[in-house]
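Work through the exercises below with the coordinates open. Try each task before reading its solution.

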Amino acid sequence: MVKNGAPKVIANWKMNGTLDLLSTMVDDLSSENLDHNIIFCLPFPLLGYAFVKYSNIILGAQDCHEQEHGAFTGCTSAQMLNELNIRYVVLGHSERRLHCNETNPLIKQKAITAFQNGFFPILCVGESLDVYNKGDSTSFVANQVKELTSDLDFPYAIAYEPLWSIGSGILPKMHEIVEVINCVHEIAPDIKVYYGGSVNSANAFDIAHCKGLYGVLVGGASLKSDELISIVKAFDQVTQHSSN
Ligand code: PEP
């Protein structure tokens with residue numbers, strides 16, 4: 001079970017990537033000695049391939065089923081992922097909420113099943129643009145976190161991902177990210193909070209300075225080695241500086 005020391009950068013490849021891209025990326029990261037600093041949330045076929053081929057990278061899943069096993073065509077269980085030595089799983093990403101109708105109760109059940117199979121779940125929350133424009137981000141996220149985590153008595157992380165920031169190139173102001181982090185910590189004081197939404201090499205350093213933030217969940221930029229390397233380095237630099 002993963003309790004401490006989770007990598008600070010989560011690479012969410014979504015339904016992107018090839019064997020060639022993975023091979024190039026692993027080479028690039030190894031040459032910088034950064035292969036252990038990222039959780040690679042790859043599409044399922046690439047996870048199986050990476051498990052066999054690369055023992056030096058940390059793998060994560062983008063989803064798992066809420067049931068242990070059974071007649072669920074096209075689905076993947078936590079137990080199957082556990083056999084591939086995967087210990088992290090992103091759950092409730094907004095794209096799954098939107099396209100697969102995932103709800104907070106379902107995501108919570110997935111987290112419980114994942115934990116029972118040895119996982120550290122990373123639970124995604126975040127408000128729409130409409131909610132943001134009304135100034136209701138913190139209360140919206142607080143409700144999501146409460147619904148997802150009430151009575152959970154095992155380790156998990158929260159990924160705060162404003163829906164309108166994902167893939168758009170537009171970010172909240174840094175103080176707004178900090179406000180949401182603070183409100184998550186009021187509900188769940190000791191948990192790790194990641195931020196996700198248009199993180200790239202140009203803004204990683206500023207984001208890494210957000211008080212209370214643990215790390216970042218990166219989509220588009222995680223498909224480019226140089227971007228990913230810069231993001232990891234920004235977090236390393238800020239973490240080293242703040243621990244001196
Ligand atoms: C994501 O995949 O959750 C994400 C934040 O994507 P992007 O970094 O491309 O905005």
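The model is predicted.

**Exercise 1. The span of α1**

Task: Compare the span of helix α1 (residues 19-31) with the expected value at 1.5 Å a residue.

Solution: 
- Step 1. Helix α1 has 13 residues.
- Step 2. The expected span is 1.5 Å times one less than the number of residues.
- Step 3. From its first C-alpha to its last, α1 reaches 18 Å, close to the 18 Å expected.

**Exercise 2. The sides of α1**

Task: Which residues of α1 are buried, and what arc do they cover around the axis?

Solution: 
- Step 1. Apply the cut-off: buried means under 20% relative accessible area.
- Step 2. Leu22, Met25, Val26 and Leu29 are the buried residues of α1. Their arc around the axis is only 100°, so they lie on the same side of α1.
- Step 3. Turn to the other side of α1, where Asp20 and Ser31 are exposed.
- Step 4. Just after α1, Asn33 has a positive phi of about 60°.

**Exercise 3. Positive phi in two loops**

Task: Find the loops that hold Asn85 and Asn101, and give the phi of Asn85 and of Asn101.

Solution: 
- Step 1. Recall the background: most residues other than glycine have a negative phi.
- Step 2. Asn85 sits in the loop between α3 (78-83) and β4 (88-91). Its phi is positive, about 65°, although Asn85 is not a glycine.
- Step 3. Asn101 sits in the loop between α4 (94-99) and α5 (104-116). The phi of Asn101 is also positive, near 55°.
- Step 4. Check the accessibility of Asn101. The cut-off for exposed is over 50%. Asn101 has 62% relative accessibility, so it counts as exposed.

**Exercise 4. The surroundings of β5**

Task: How many residues of strand β5 (residues 120-125) are buried, and which strands does β5 join through bridges?

Solution: 
- Step 1. Count the buried residues. Six of the six in β5 are buried, so the strand is largely enclosed by the rest of the structure.
- Step 2. Recall the rule: in a regular strand the side chains alternate between the two faces of the sheet.
- Step 3. Sort β5 by direction. Phe120, Ile122 and Cys124 point one way, and Pro121, Leu123 and Val125 point the other way. All of these residues are buried.
- Step 4. Take the pairing with β4. The two strands pair in the parallel sense over four bridges. Tyr88 has Phe120 of β5 as its bridge partner.
- Step 5. Take strand β6 (residues 157-160). Four bridges join β6 to β5, and the two run parallel. Here Val125 stands opposite Tyr160 of β6.

Terms used:
Residues numbered from 1 in each chain as written. Predicted model: local features only at pLDDT ≥ 70, side-chain atom pairs only at ≥ 80, totals over all residues. Heavy atoms only, no water. Buried < 20%, exposed > 50% of the residue type's maximum accessible area, 1.4 Å probe, protein only. Arc of directions from axis to C-beta. Pairing = 2+ DSSP bridges.
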